[in-house]
Amino acid sequence: MSRLPLLDEAKDPEFAEALADVEKSRGKASNALRSMGHAPEALKRFASVGDYVRYHSTLTARQREIVIVITGRGYEYAMLHHVPLALQAGIDAKEIEAMRKGEVPATFSEADQALAQYALEFSTPSSVSDQTFSKLKQFMSPREITDVSFNAAYYVAFALMLAAMDPTPDSAEYVQAGLAWQLKADQS
């Protein structure tokens, strides 16, 4: 159960406005995003970064989900949403399980291994080693590396918010609707 009460947009116009902004890019706001509605302006700005990393960066769906599964691996709420999205993006169940354990799947291509290692190191206090950064530069442009970094940073922040606020998990129907929304966005 969520540590903060969910707001009723019918009773809070500022939250309703923020929620409308969020829903433009996602179809519907998750319980996690709704739980951030007590600070409507922050929710709009945070969700704007999420919109960029999910729908407008240079990363492929597969690359995006590798970063998200790795950075969100310790948070079941995140996995409820992103394991199905990772499967949809072509990552197999064994690879997902390895990433959830903090491992780089041996079955990944060399480029995906470099990306996964970068995401693993990015989310640690010591951050990314020179060796890992150099390896990723072999496969990605400076713009793509920056997009990977924004993606990882957003999901590290999102995971920390999940841990603190403990939002109520979304329904299976909501997760399925999110899969369809993401697939449509990835194909356009």
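This is a short tour of a predicted model, one selection at a time.

Residues are numbered from 1 along each chain as its sequence is written, and side-chain values use heavy atoms, leaving out hydrogens and water. Because the model is predicted, local features need pLDDT of at least 70 and side-chain atom pairs count only at pLDDT 80 or more, while totals for chains, interfaces and linings use all residues.

**Stop 1: the core**

Select L33, I66, M99 and F158. These have the most contacts inside the largest nonpolar core, which has 44 residues. A nonpolar core is a set of buried Ala, Val, Leu, Ile, Met, Phe, Trp, Tyr and Cys residues joined through side-chain atoms within 4.5 Å. Buried means under 20% relative accessible area, exposed over 50%, and partly exposed in between, with a 1.4 Å probe and protein chains only. Helix α9 gives the largest share of this core, eight residues.

Helices are DSSP runs (H or I, at least four residues), numbered from the N terminus. Apart from neighbours within four places in sequence, I66 is in contact (heavy atoms within 4.5 Å) with I91, M99, F108, D112, L115 and A116.

**Stop 2: helix α7**

Select residues 110-122. The 13 residues of α7 should span 18 Å at 1.5 Å a residue, and the end C-alpha atoms are 18 Å apart, which agrees. The expected span is 1.5 Å times one less than the number of residues. Buried residues of α7 include D112, L115, Y118 and E121. Among the elements that cover the buried residues of α7 are α4, α8 and α9.

**Stop 3: from α7 to α8**

Go to S127, in the loop between α7 and α8. Most residues other than glycine have a negative phi. The phi of S127, however, is positive, near 65°. S127 is partly exposed, at a relative accessible area of 33%.

Next pick Q131 in helix α8. Is Q131 buried or exposed? Q131 counts as exposed because its relative accessibility is 67%.

**Stop 4: the largest pocket**

Select S30, R54, H81, H82 and Y174. Of the 24 residues that line the largest pocket, these are the closest to its centre. A pocket is an open set of points on a 1 Å grid over the protein atoms alone, where a 1.4 Å probe fits, with protein on both sides within 12 Å along at least five of seven lines; lining residues have an atom within 4 Å of a point. The space in the largest pocket is about 380 Å³, a volume being the space filled by probe spheres set on the points, which are joined across faces, edges and corners. Which helix supplies the largest share of the lining? Helix α10 does, with seven residues.

**Stop 5: the second largest pocket**

Select R54, Y55, H56, A185 and D186, the closest to the centre among the 15 residues that line the second largest pocket. About 190 Å³ of space lies there. Helix α3 gives the largest share of this lining, four residues.

**Stop 6: two last residues**

Pick S25 in helix α1. S25 counts as buried, at 14% relative accessibility. Beyond neighbours within four places in sequence, S25 is in contact with D51, Y55 and W181.

Finish at D166, in the loop between α9 and α10. D166 is not a glycine but has a positive phi of about 50°, and D166 is partly exposed at 38% relative accessible area.

Key. Helices (H or I, at least four residues) and strands (E, at least two) are DSSP runs, numbered from the N terminus.
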